[in-house]
Amino acid sequence: MNDRPSPATSLPIPASIAEITPSWLTGALSAGRMLREATVTACSPETIAEGKGFMNRVFRLHLEYDRPGSGLPATVLAKLPATDPLMLPLFQLLGPNLREVNFYRSLSRDCALRTPVCYCGLADSATGNSALLLEDLGSSRQGDSLEGCSLDEARQIVRQLAAFHAQWWESPRLAHLGWLPSRETEAPAFRKLYAPALLCFVEKAGNLLPPGLRRLADSIPNDIARIKALLAKPPRTIVHGDFRLDNCYFPPGVGSPSPLVLDWEFCGIGRGVLDLATFVCETFPPAQRLREEPGLLAEYHSALESNGVTGYSLEQCWIDYRLSMLDIFVLWVVSGAFCDYSGQRATTFLSNTLARLDAAISDLSPEDLL
């Protein structure tokens with residue numbers, strides 16, 4: 001399921017769902033080698049991300065063709081950048097949408113983590129516009145951080161994550177991915193975005209923001225560069241950047257969990273255990289996380305070594321895991337400040353995540369590492 005889309009550079013990049021017409025879709029799917037003789041004759045969009053805590057606009061497109069029964073997808077997902085003017089600085093400084101398009105263009109075909117089929121990926125670095133057409137995973141089971149997962153399932157996901165990190169561990173190819181930033185090069189942008197984002201985040205979170213995180217929010221800005229520099233030191237690999245259970249989709253009929261992983265907007269180069277920390281912190285309630293995280297960290301480290309990684313001790317992995325909790329909080333403030341939490345599920349997700357992150361930072365004392 002890891003196909004590389006055609007850049008389709010001659011196609012205009014749609015600014016709104018209204019500009020994704022049957023004619024445009026025919027061109028996009030043809031450029032992506034999905035259409036050869038058929039033509040898209042109708043498209044009915046359905047908004048699927050509104051009020052659910054998403055940063056982008058996501059639509060399910062119901063398609064009709066002039067050749068029924070041709071085996072072409074009846075639905076695809078379209079992903080466009082957010083239009084909220086408050087989010088414009090984030091997109092301009094961090095370019096999460098451009099990163100994701102480049103990921104599908106350059107890396108999805110050579111990725112130890114499974115990804116959905118990308119039919120077309122368009123991006124313009126000059127304007128910041130982008131568009132993605134992705135495989136609709138509606139028949140798959142989406143992971144749910146509110147429900148969590150079994151320990152056995154978590155172990156298998158952790159091993160797959162380690163295989164992905166090992167694939168790119170100190171790879172010479174990292175130097176040729178100019179579009180993929182390292183953690184420390186992001187620091188000035190995060191520092192610039194942090195203060196205005198915090199005002200919005202505090203207002204949206206309200207009484208859901210625990211007092212401990214509120215105090216940390218005020219003290220952490222001057223440490224952002226240091227945190228990211230420490231998490232960017234060798235050994236480095238490609239980091240997903242937002243490896244939550246909600247971004248994992250499990251196809252039907254699969255015996256062992258082998259998820260397709262979405263939402264690569266914050267992929268970058270750094271210490272891979274950041275992804276493990278994100279996954280464990282957001283998947284398990286605090287008491288269970290505290291009980292299970294040593295074993296999951298050991299599982300991750302063992303899988304790294306089984307996939308050829310050397311010279312990275314379990315002790316250093318544990319230090320990086322603890323420090324990652326601070327970086328996760330910074331990302332939550334900067335990217336989560338402008339997400340839409342109007343839906344009940346999004347509100348509950350925000351509440352759960354903040355409570356779990358607060359407990360993890362309290363238990364692990366990552367500030368001591370600074």
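The lining of the second largest cavity splits into 3 nonpolar, no polar and 3 charged residues. In this classification, Ala, Val, Leu, Ile, Met, Phe, Trp, Tyr, Cys and Pro count as nonpolar, Asp, Glu, Lys and Arg as charged, and the others, Gly among them, as polar. The model behind this is a predicted one, in which local features need pLDDT of at least 70, side-chain atom pairs count only at pLDDT 80 or more, and totals for chains, interfaces and linings use all residues. Residues are numbered from 1 along each chain as its sequence is written, and side-chain values use heavy atoms, with hydrogens and water left out.

Back to that cavity: its lining is made up of Arg-183, Glu-186, Phe-190, Lys-228, Phe-266 and Leu-331, and the space inside comes to about 40 Å³. A cavity here is a set of points, on a 1 Å grid over the protein atoms alone, where a 1.4 Å probe fits but cannot get out; lining residues have an atom within 4 Å of a point. Grid points are joined across faces, edges and corners, and a volume is the space filled by probe spheres set on the points.

In total, the structure has 2 cavities of 30 Å³ or more. The largest cavity holds about 50 Å³. Around it sit Asn-56, Lys-79, Leu-80, Pro-81, Asn-97, Glu-100, Val-101, Ser-130, Ala-131 and Leu-132. Two or more of these lining residues come from each of strand E3 (75-80), helix H3 (96-106) and strand E5 (129-135); helices (H or I, at least four residues) and strands (E, at least two) are DSSP runs, numbered from the N terminus. By class, the lining of the largest cavity has 5 nonpolar, 3 polar and 2 charged residues.

Most residues other than glycine have a negative phi, and most peptide bonds are trans. Glu-170 is not a glycine, yet its phi is positive, at about 50 degrees. Glu-170 lies in the loop between helix H4 (151-167) and helix H5 (187-205) and, with 41% relative accessibility, is partly exposed. Asp-263, also not a glycine, has a positive phi of about 60 degrees. Its spot is the loop between strand E9 (260-261) and strand E10 (268-270), and Asp-263 counts as buried at 14% relative accessibility. Buried means under 20% relative accessible area, exposed over 50%, and partly exposed in between (1.4 Å probe, protein chains only).

Then there is the peptide bond between Pro-234 and Pro-235, which is cis, with omega at about 5 degrees. Pro-235 belongs to the loop between helix H7 (224-230) and strand E7 (237-239).

Methods. 1 Å grid on protein atoms, 1.4 Å probe; cavity = no way out; pocket = protein on both sides within 12 Å on 5 of 7 lines; lining within 4 Å.
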